[in-house]
Amino acid sequence: MAEKKVAEEYTIDDLPGVGEATAEKLREAGYDNMMTLAVASPRDLAEVTGIGEGAAAKIIAAARKYADVGNFETGEQILERRKEIQKLTTGSKALDDLLGGGLETQAITEFYGEFGSGKTQVMHQLAVNATMPKDKGGFDTDVLILDTENTFRPERIVQMANFRGADPDETLKRIHVARAYNSHHQILLAEKAADETKEYQARLMIVDSLTSHFRAEYMGRGSLAERQQLLNRHMHTLLKYSTVSNAVIAVTNQVSARPDVFFGDPTAPIGGNIVGHTATFRVYLRKSKAGKRIARLVDSPHLPEGEVVVQISEDGICDVQNA
Ligand code: ADP
Ligand code: MG
C-alpha cells in the first residue's frame, strides 16, 4: 500500500483541476508552490492560465488546505524563543552599541544607503564575523549569501579574515554564495535556504541587495502592487528562516530620490512599507570623509535613534581611531 503523503510532499500538480498544461502555465508565472497559490487572486490565476475564474478559485481553495500558513503560539512559547536571541558583532563597538549589542537573531536588519555607502562592505564583514568563535563576538557558523549584484569578493573576505586573525581558507569554506539572476530566482533561493539547513546550519543569511531585481523588473505604477506582493512573500520567507534557525538576516537596500520630499534628506529606502515594516532594524549609511561612514539607526521598536561613525579600510569595518 502506498504510504500517505504528508502535506509538504504535495505539489501543485496534485491539486484538483490542475492538469499538466495548467501546472506548467502556473509554474511559468511563478505560482510554483502551495503558498503562492493560496494567496493568489482568482483573476490573476485566470489570466495566466486561461482557465475560468471559478475554476481558479477552486484551485486556490484547494491550495489553502496544503499551504503552510503558520500557526498560533502561546506567549510562553514566544518568550522561550526570545530567550535564545543572540547578537552578532559588526566589527565596530560603536555600531554594536547603537544596535543594542549587535545584529539580533530572529530579526531582519536592513542597511540602506546610496551606491558606495559601504553596504556590501558591511555584509562581507558580517559574513567573516559570523564564522568567528563565540568569544570573539561570532557565531562559529556557516553563512549564506544571496548575491544579486555580483559584488561578492572572496579577496575581501581574505583581507578581513586575516585582520581578525582567522584562517582565510577556513573562513571561505564556511561562506556559501548563490547568485540570484532575477527576483523569482532570488525568492526561490531564499526558500531553498531552509533545505540547506539540514546539511549545515547557517545562522547568518545575507541578501545583497534585497531590492535591486524587484526595482529593475517592476517599473511604473501599474506593477507596484505585484512587486510589493512578491517582496512581501520574500521578506516573510527570510523572517521565517530567522526564527526557525535562530539566525541573523542582514539585507541591503538602495535609496531612491523622492520627489515628494522637499525638506531634510531627499532620499528614502525603496520597497516602501513592506520592507519598512518587516525589517526590525534599519540602518542608514552615509559617506563621510577619509573612508568614514555615518550609520544612523532609524525606526527601531525598542532602541533610541542615534548616529555613530565607523571606518572602512582594507581591514574591514572598525571603530574610528581617535589618535
Ligand atoms: P555599496 O554596497 O553601498 O554600494 P560598497 O560596500 O561596495 O558600497 O562600498 C564601496 C566602498 O568601500 C569603496 O568606495 C571604498 O570606499 C570602500 N572599500 C572597498 N574595498 C576597500 C578596501 N579594500 N579598502 C578600503 N576601502 C574599501
Ligand atoms: Mg553593494
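Residues are numbered from 1 along each chain as its sequence is written, chains are lettered from A and ligands numbered from 1 in the order in which they are written. In this predicted model, local features need pLDDT of at least 70 and side-chain atom pairs count only at pLDDT 80 or more, while totals for chains, interfaces and linings use all residues; side-chain values use heavy atoms, with hydrogens and water left out.

Helices (H or I, at least four residues) and strands (E, at least two) are DSSP runs, numbered from the N terminus. Buried means under 20% relative accessible area, exposed over 50%, and partly exposed in between (1.4 Å probe, protein chains only).

Seven of the seven residues of strand 3 are buried, so this strand is largely enclosed by the rest of the structure. In a regular strand the side chains alternate between the two faces of the sheet. Both faces of strand 3 are covered. Ala-107, Thr-109, Phe-111 and Gly-113 are buried on one side. Ile-108, Glu-110 and Tyr-112 are buried on the other.

Two strands pair if DSSP finds at least two bridges between them. Strand 3 runs parallel to strand 7 (residues 248–253), and six bridges join them. Here Phe-111 stands opposite Thr-252 of strand 7. Strand 3 also pairs with strand 10, again in the parallel sense, over five bridges. Thr-109 has Phe-281 of strand 10 as its bridge partner.

Strand 10 (residues 281–287) continues to strand 11 through six bridges, and the two run antiparallel. Tyr-284 stands opposite Arg-296 in strand 11. Four residues lie between the strands of this hairpin. One residue of the hairpin, Ala-290, takes a positive phi near 50 degrees.

Strand 11 (residues 292–298) is mostly covered, with five of its seven residues buried. Six bridges join strand 11 to strand 12 (residues 306–313), in the antiparallel sense. Arg-293 has Val-310 of strand 12 as its bridge partner.

## The ligand 1 site

Arg-293 also reaches the ligand: a polar atom of its side chain lies 3.2 Å from an oxygen atom of ligand 1. The protein covers 66% of the 570 Å² of accessible area that ligand 1 has on its own. Accessible areas come from the Shrake-Rupley method with a 1.4 Å probe; for residues, only the protein chains shown count as cover.

| Residue | Residue atom | Distance to an oxygen atom of ligand 1 |
|---|---|---|
| Ser-117 | backbone N or O of Ser-117 | 3.2 Å |
| Gln-121 | backbone N or O of Gln-121 | 2.8 Å |
| Arg-293 | polar side-chain atom of Arg-293 | 3.2 Å |

The shell around ligand 1 has 13 residues. A residue is near a molecule or strand if one of its heavy atoms lies within 4 Å of it. The closest are Gly-116, Gly-118, Lys-119, Thr-120 and Gln-121. Helix 7 (119–131) and helix 8 (154–163) each supply at least two shell residues. Helix 7 gives the largest share, three residues.

By class, the shell holds one nonpolar, seven polar and five charged residues. Ala, Val, Leu, Ile, Met, Phe, Trp, Tyr, Cys and Pro count as nonpolar, Asp, Glu, Lys and Arg as charged, and the others, Gly among them, as polar.

## Gln-125

Gln-125 is found in helix 7. Gln-125 counts as buried because its relative accessibility is 0%. A polar atom of the Gln-125 side chain lies 2.9 Å from the backbone nitrogen of Ile-317. Contact means heavy atoms within 4.5 Å. Leaving out residues up to four places away in sequence, Gln-125 touches Thr-90, Met-160, Arg-164, Asp-315, Gly-316 and Ile-317.

## Backbone exceptions

Most residues other than glycine have a negative phi, and most peptide bonds are trans.

Gln-106 has a positive phi near 65 degrees. Gln-106 lies in the loop between strand 2 (103–104) and strand 3 (107–113). Its relative accessibility is 12%, so Gln-106 counts as buried.

Asn-150 has a positive phi of about 55 degrees. Asn-150 sits in the loop between strand 4 (142–147) and helix 8. Asn-150 is partly exposed, at 39% relative accessible area.

A cis peptide bond joins Asp-208 and Ser-209, with omega about 5 degrees. Ser-209 is in the loop between strand 6 (202–208) and helix 11 (212–217).

Terms used:
A polar contact is a pair of N or O atoms within 3.5 Å; within protein, one must be able to donate a hydrogen and the other to accept it, and residues adjacent in sequence count only if both atoms are side-chain atoms.
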